[in-house]
Amino acid sequence: MAAAQAAQATPIVRRSPLHASLAQARMAVGLAHSGDRRAALRCLGRAEDALAKTDPAEPRSTWIAFYSWAELHSLTATVRDVLGDPTQAEAAAYRALAALPGSYRRNRAHTTARLALAQLHQDDIEQACATSGTVFAIMAGAPLPGRMRQLLGDFQRDLIARAPSAHIAHEWTDRYRTEWSTS
């Protein structure tokens with residue numbers, strides 16, 4: 001959150017709606033993790049408002065070229081799931097996946113893992129397991145980045161907590177332990 005607060009104080013954030021949107025979205029994630037629901041949702045609203053003011057055709061620096069509606073929807077899915085709104089998280093994840101360019105494979109895999117968590121948090125165990133399984137297919141044997149490994153670890157822990165005796169939970173763990181260890 002300190003980094004997001006520092007970013008909000010920079011001149012570029014005050015001048016550029018794109019940069020302001022990114023700073024607000026990142027602040028929303030931090031606030032959600034700290035449990036401040038109202039402030040997190042306010043920041044998401046500001047991020048949406050600021051992004052709506054941007055011109056997608058305007059040239060961007062390469063370091064921020066990734067940031068678009070797809071990324072904001074993905075961050076919204078994170079915020080909503082952390083805040084305990086899995087239905088809204090699922091919807092935001094679907095919007096992100098629909099808007100993501102095909103070349104953003106890691107983003108697609110990460111958002112898919114976030115989608116699986118949202119489904120799991122709605123107790124849709126079978127769908128969540130099926131969705132999470134596609135993460136490995138999307139990554140197609142490439143190493144899983146640390147954030148993604150952590151997210152899949154969260155999925156596995158939540159799966160075992162929600163369905164400790166379910167066959168599907170044990171099957172998922174056994175199946176992906178092999179794929180996970182080779183990633």
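Start with the largest pocket, which holds about 670 Å³ of space. A pocket here is an open set of points on a 1 Å grid over the protein atoms alone, where a 1.4 Å probe fits, with protein on both sides within 12 Å along at least five of seven lines. The volume is the space filled by probe spheres set on the points, and grid points are joined across faces, edges and corners. Rolling a probe the size of a water molecule over the atoms shows where empty space is left.

Before going on, note that this is a predicted model: local features need pLDDT of at least 70, side-chain atom pairs count only at pLDDT 80 or more, and totals for chains, interfaces and linings use all residues. Residues are numbered from 1 along each chain as its sequence is written, and side-chain values use heavy atoms, with hydrogens and water left out.

**Stop 1: the pocket lining**

Select Thr78, His110, Arg114, Arg147 and Leu151. Of the 24 residues that line the largest pocket, these lie nearest its centre; a lining residue has an atom within 4 Å of a point. Two or more lining residues come from each of α3 (17–33), α5 (69–82), α7 (105–120) and α9 (146–162). Helices are DSSP runs (H or I, at least four residues), numbered from the N terminus. By type, the lining has eight nonpolar, eight polar and eight charged residues. Ala, Val, Leu, Ile, Met, Phe, Trp, Tyr, Cys and Pro count as nonpolar, Asp, Glu, Lys and Arg as charged, and the others, Gly among them, as polar.

**Stop 2**

Select α5. Its 14 residues reach 20 Å from the first C-alpha to the last, close to the 20 Å expected at 1.5 Å a residue. The expected span is 1.5 Å times one less than the number of residues. Eleven of the 14 residues of α5 are buried, so this helix is largely enclosed by the rest of the structure. Buried means under 20% relative accessible area, exposed over 50%, and partly exposed in between (1.4 Å probe, protein chains only). Among the buried residues of α5 are Glu71, His73, Thr78 and Asp81.

Now select α7. The end C-alpha atoms of α7 are 22 Å apart, which agrees with the 22 Å that its 16 residues should span at 1.5 Å a residue. Twelve of the 16 residues are buried, leaving α7 mostly covered. His110, Arg114 and Leu120 are among these buried residues.

**Stop 3: the nonpolar cores**

Select Leu120, Leu152, Phe155, Leu159 and Trp172. In the largest nonpolar core, which has 22 residues, these touch the most other members. A nonpolar core is a set of buried Ala, Val, Leu, Ile, Met, Phe, Trp, Tyr and Cys residues joined through side-chain atoms within 4.5 Å. The elements giving two or more residues to this core are α7, α8 (125–139), α9 and α10 (167–182), and α8 gives the most, with six. For a second, separate core of 20 residues, select Ala39, Ala40, Tyr67 and Val79, which are included in it.

**Stop 4: the loops**

Ser16 sits in the loop between α2 (11–15) and α3. Is Ser16 buried or exposed? Ser16 counts as buried, because its relative accessibility is 14%. The side chain of Ser16 makes a polar contact of 2.7 Å with that of His19. A polar contact is a pair of N or O atoms within 3.5 Å; within protein, one must be able to donate a hydrogen and the other to accept it, and residues adjacent in sequence count only if both atoms are side-chain atoms.

Phi of Asp123 is near 65°, a positive value in a residue other than glycine. Most residues other than glycine have a negative phi.

**Stop 5**

In α8, select Glu126. Glu126 is exposed, with a relative accessible area of 60%. Phe136 is ten residues from Glu126 along the chain, and their C-alpha atoms are 17 Å apart.

In α9, select Ile160, which is partly exposed at 41% relative accessibility. Ile160 and His170 are ten residues apart in sequence, and 8.0 Å apart from C-alpha to C-alpha.

Finish at Thr173 in α10. Thr173 is buried, at 10% relative accessibility, and its side chain makes a polar contact of 3.5 Å with the side chain of Gln156.
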